[in-house]
Amino acid sequence: MDKENYEILWENVFLPQIERLVSSVAFGSFIMNLKPVDLKGNVIVLCTESKIFADGVTNNLIGNKIKEAILKCDTYINDFEVVVAKDREEYLKQLGEDERENIQNQGSPINAKFTFESFVVGPSNEMIYAAAKAVAENPGDSYNPLFVYGGTGLGKTHILMAIANYLKIHNPTLNVLYATCEQFTNQFIEGLSKGKGTNANAEFRRRYRNVDVLLIDDVQFLATKQGIQTEFFHTFNELVMQNKQVVLASDRPPKEIEVLEERLRTRFEGGLLADVQPPDLETRIAILKRKSEEKKCVVNVKVLTYIAEMNDGDIRTLIGKLTKVIFASKLHEKPITIELVNEALKESAGERQEELRAEDIINSVCEFYKVSKQDIMSKKKTKEIALARQVSMYLVIDMMTLPQVTVGKIFSRDHATVNYTRDKISEQMETDRKLSIEINDIKKKLLKE
């Protein structure tokens with residue numbers, strides 16, 4: 001089952017209801033130690049680090065309250081199960097091979113925080129917001145396909161994930177699949193490489209054509225890939241003919257995608273083309289204000305304005321700067337002022353950063369965590385290697401001016417995985433002081449070398 005399903009249901013639907021039914025002590029001691037890891041039919045699977053917490057949650061009183069809260073939410077989930085595991089990766093290792101592959105290969109991970117509510121609307125993006133909301137409320141009826149295009153870091157991925165997140169809550173019986181064009185391509189090639197004697201191609205087509213809503217990011221990568229374009233054309237046609245919703249995102253309009261087959265171009269232009277423009281200053285300030293509130297940090301509007309004026313387009317870069325400032329404030333226990341902003345961002349503006357290579361960052365992380373570069377680049381998912389890989393991705397994004405697609409190619413991961421990893425590490429650093437210190441130590445070493 002897709003990861004985003006259980007995260008959204010747990011965080012946005014079940015947790016608030018549970019908090020109303022149990023004592024604050026029980027909520028803080030037991031409920032907050034639970035992490036959603038899977039959905040099995042009508043049962044949500046929760047994991048915790050020890051048997052003590054598992055037993056505490058499944059005792060008659062707390063367990064009954066959790067089940068009562070789940071039933072009150074009136075979703076298709078009617079029960080819960082608790083397993084002992086530190087995290088999702090450990091849980092996956094405990095599953096059989098077939099179960100693990102089924103969970104991991106459904107699509108790219110979706111950030112549960114990318115919702116319509118967290119999307120700041122301004123003059124530059126109000127059209128795409130309205131169109132996406134209409135698609136989410138009536139998939140297959142409003143605009144099909146919906147083709148979203150615009151520059152890097154303007155919120156295209158946020159919009160696609162907002163549609164998916166909305167449907168997971170309001171229309172959970174629909175089969176929704178979000179994937180990057182790179183993932184679509186790689187899975188198709190993998191099917192071909194297994195040969196005609198396997199059912200890989202049939203499995204690939206079942207995955208992408210047996211859906212109610214298909215969301216594909218970075219469609220511009222279809223350019224020059226003739227065989228992939230043919231497969232994508234047939235997938236697209238079959239879905240639209242059945243009134244299944246298709247939403248596409250690209251960094252440019254269809255007419256500007258080089259070497260794109262004319263039949264695909266006309267199909268893409270047959271729905272609604274929605275252009276998302278760089279946000280104006282007021283919208284950038286509003287975005288930074290919203291992000292600072294999400295991080296439970298009060299930042300003076302003059303400071304937010306100062307940061308917003310540093311950049312006139314890329315929202316992702318803006319948020320990255322705000323994250324660095326908040327991190328510096330907590331690390332040094334200083335209030336957030338314009339002086340602190342300049343101090344926190346000074347390193348990223350220096351000449352040393354321009355000279356920094358991704359290889360330098362990866363090597364430093366390997367040395368710090370005592371793992372090999374080969375392990376980081378592999379698909380191994382042990383806790384130590386996964387952490388080193390995620391920190392490497394985070395630091396490459398944080399310390400270098402590279403597009404996320406480029407970072408994905410460095411690590412042989414897709415754009416969505418890089419985006420998810422950056423957000424995950426950024427959020428962990430806010431609550432995990434040990435991780436924050438480790439990352440800061442690696443950064444200091446790199447900047448001194």
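Predicted model: local features only at pLDDT ≥ 70, side-chain atom pairs only at ≥ 80, totals over all residues.
Three strands form an open sheet in the order E1-E2-E3, and their pairing is mixed. Strand E1 (35-40) and strand E3 (79-84) are the edge strands, each of them pairing on one side only. On average, and with direction ignored, neighbouring strands of this sheet are turned by 30° against each other. Strand E2 (residues 43-48) runs parallel to E3, and 6 bridges join the two. Within this pairing, Val43 has Asp79 of E3 as its bridge partner. A helix also belongs to this picture: helix H3 (residues 51-58) packs on the sheet and touches E2 and E3. The direction of H3 makes about 160° with that of E3.

A second open sheet has 5 strands in the order E5-E6-E7-E4-E8, with parallel pairing. Its edges are strand E5 (176-180) and strand E8 (272-275), each pairing on one side only. Strand E4 (residues 146-149) and E8 run parallel and are joined by 4 bridges. In that pairing, Phe147 stands opposite Leu273 in E8. Helix H8 (residues 156-170) lies across E4, E5, strand E6 (213-217) and strand E7 (245-250). Relative to E6, H8 runs at about 160°.

Most residues other than glycine have a negative phi, and most peptide bonds are trans. Against that background, the peptide bond from Asn144 to Pro145 is cis, with omega near 5°. Pro145 is found in the loop between helix H7 (126-137) and E4. The other detail concerns Asp218, a residue other than glycine with a positive phi, near 60°. Asp218 is found in the loop between E6 and helix H11 (226-241).

H7 and H8 pack with their axes 9 Å apart and at an angle of about 30°. Angles under 35 degrees count as roughly parallel, and H7 and H8 are therefore roughly parallel to each other. Their crossing is right-handed. On the H7 side, the residues in contact are Ile128, Tyr129, Ala132, Lys133, Val135, Ala136 and Glu137, and they meet Ile159, Ile163, Tyr166 and Leu167 in H8. By class, this contact of H7 with H8 has 9 nonpolar and 2 charged residues, with no polar ones.

Helix H14 (residues 301-308) packs with helix H15 (residues 315-332) at an angle of about 135°, and their axes are 10 Å apart. H14 and H15 are therefore oblique to each other. The crossing of H14 and H15 is right-handed. Leu304, Ile307 and Ala308 of H14 make the contact with Leu318, Lys321, Leu322 and Val325 of H15. Sorted by class, the contact of H14 with H15 has 6 nonpolar residues, no polar ones and 1 charged residue.

Helix H18 (residues 358-369) and helix H20 (residues 383-399) pack at an angle of about 145°, and their axes lie 9 Å apart. H18 passes H20 in a right-handed crossing. From H18, the contact draws on Ala358, Ile361, Ile362, Val365 and Tyr369. From H20, the contact is made by Leu387, Ala388, Val391, Ser392, Leu395, Val396 and Met399. The residues of the contact of H18 with H20 divide into 11 nonpolar, 1 polar and no charged.

Aromatic rings complete the picture. A search of the whole structure finds 12 aromatic pairs. One of them joins Phe184 and Phe204, whose ring centres are 5.1 Å apart and whose planes stand at 65°, so the pair is edge-to-face. Phe184 lies in helix H9 (residues 181-193) and Phe204 in helix H10 (residues 200-209), so the pair ties together parts that are 20 residues apart in sequence.

How values were computed. Residues numbered from 1 in each chain as written. Heavy atoms only, no water. Pairing = 2+ DSSP bridges. Axes fitted to C-alpha atoms, helices over the stretch in contact; angles between N-to-C directions. Contact = heavy atoms within 4.5 Å. Parallel < 35°, antiparallel > 145°, perpendicular 65-115°, else oblique. Left-handed = near helix turned anticlockwise from the far one by under 90°. Nonpolar A, V, L, I, M, F, W, Y, C, P; charged D, E, K, R; others polar. Phe/Tyr/Trp six-rings, centres within 6.5 Å; stacked < 30°, edge-to-face > 60°.
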